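Take a first walk through this protein model.

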Amino acid sequence: MMPGLTAHLSSVLIVNEMCCVYARFPFVVAAKHVAVACLFLAAKVEEEARRLRNVLNVCRHVLYTFTKSEGSPPLVEPLELGTDTYHRYKNEVIRAERRLLKNLGFCVHLDLPYKLLLCLQKLLGLQEDTDLTQIAWNFMNDALRTEAFVRFNGDTVACACVQLGCKQQGIELTQGWSSLFEVIPEECDAACQVISEQYTWKTKPNWALLQTVLAKKALAERS
């Protein structure tokens with residue numbers, strides 16, 4: 001495998017890990033600190049560890065880019081080592097990381113059932129349909145943007161992706177087919193709904209409003 005491709009796959013795994021960890025964590029601390037802690041932890045889990053200072057600076061820049069007003073400088077100054085701001089931000093992120101690990105029971109590995117997609121296709125006699133394979137694979141990638149992996153196990157998500165792919169390709173499946181693979185049909189249908197809902201999103205998130213709401217919620221949790 002080419003080095004560039006390896007690096008790309010590692011980056012995708014880090015982002016996937018961050019999304020799933022973030023979805024499972026309640027907002028006990030500020031959302032921006034939780035997000036940084038998720039990325040920092042995910043990088044370590046995937047053996048792509050980065051210095052915390054670098055992660056902090058990149059995340060601050062991204063947040064600044066989304067929330068800056070007209071006339072603001074194009075870049076935000078990086079945090080300087082030894083300053084009170086740096087130590088305060090660093091301690092908040094470390095605190096959020098500890099809460100993450102405690103909430104997750106130190107179980108931070110996510111088993112992504114991509115291989116199961118191919119096995120399901122083969123068992124259904126659809127292994128020659130490469131279009132179905134690609135579509136189901138795409139649904140699996142998109143499922144990482146939802147809470148599907150939080151609410152359902154990997155087998156259920158894999159069956160849901162195959163079911164959505166077959167529906168898009170016009171392939172009929174026997175009602176309750178997922179029970180053959182020890183997946184409750186109702187759960188499979190629910191997972192399909194969770195994954196499909198994201199395609200109905202029409203508005204972009206209001207980052208300023210989101211930050212205000214989450215800050216109020218974090219303050220209420222502390223008091």
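Helices (H or I, at least four residues) and strands (E, at least two) are DSSP runs, numbered from the N terminus. This is a predicted model, in which local features need pLDDT of at least 70, side-chain atom pairs count only at pLDDT 80 or more, and totals for chains, interfaces and linings use all residues. Residues are numbered from 1 along each chain as its sequence is written, and side-chain values use heavy atoms, with hydrogens and water left out.

Start with the whole chain. The protein chain has ten helices and zero strands. Read from the N terminus, its elements run α-α-α-α-α-α-α-α-α-α. The chain has 223 residues, and 35% of them count as buried. Buried means under 20% relative accessible area, exposed means over 50%, and partly exposed is in between (1.4 Å probe, protein chains only).

Next come the contacts, meaning heavy atoms within 4.5 Å. Take those between residues at least 6 apart in sequence: 70% join residues at least 24 apart. The accessible surface comes to about 14200 Å². Carbon and sulfur atoms account for 56% of that surface. Such areas come from the Shrake-Rupley method with a 1.4 Å probe; for residues, only the protein chains shown count as cover.

Now look at the rings. A pair of aromatic rings is described by the distance of the centres and the angle of the planes. Rings of Phe, Tyr and Trp (its six-membered ring) pair if their centres lie within 6.5 Å; planes under 30 degrees apart count as stacked, over 60 as edge-to-face and the rest as tilted. How many aromatic pairs does the structure hold? It holds three. One of them joins Tyr-114 and Trp-137. This pair is tilted, with 4.6 Å centre to centre and 35° between the planes. Tyr-114 lies in helix α5 (residues 114-123) and Trp-137 in helix α6 (residues 130-143), so the pair ties together parts that are 23 residues apart in sequence. Tyr-114 is buried at 13% relative accessible area. Trp-137 is partly exposed at 31%.

Trp-177 and Phe-181 form an edge-to-face pair. Their centres are 5.8 Å apart, with 75° between the planes. Trp-177 is buried, at 6% relative accessibility. Phe-181 is partly exposed, at 21%.

Finish at Glu-182. Where does Glu-182 lie? Glu-182 lies in the loop between α8 (154-169) and α9 (185-197). Most residues other than glycine have a negative phi. Glu-182 is not a glycine, yet its phi is positive, about 60°. Glu-182 is exposed, with 77% relative accessibility.
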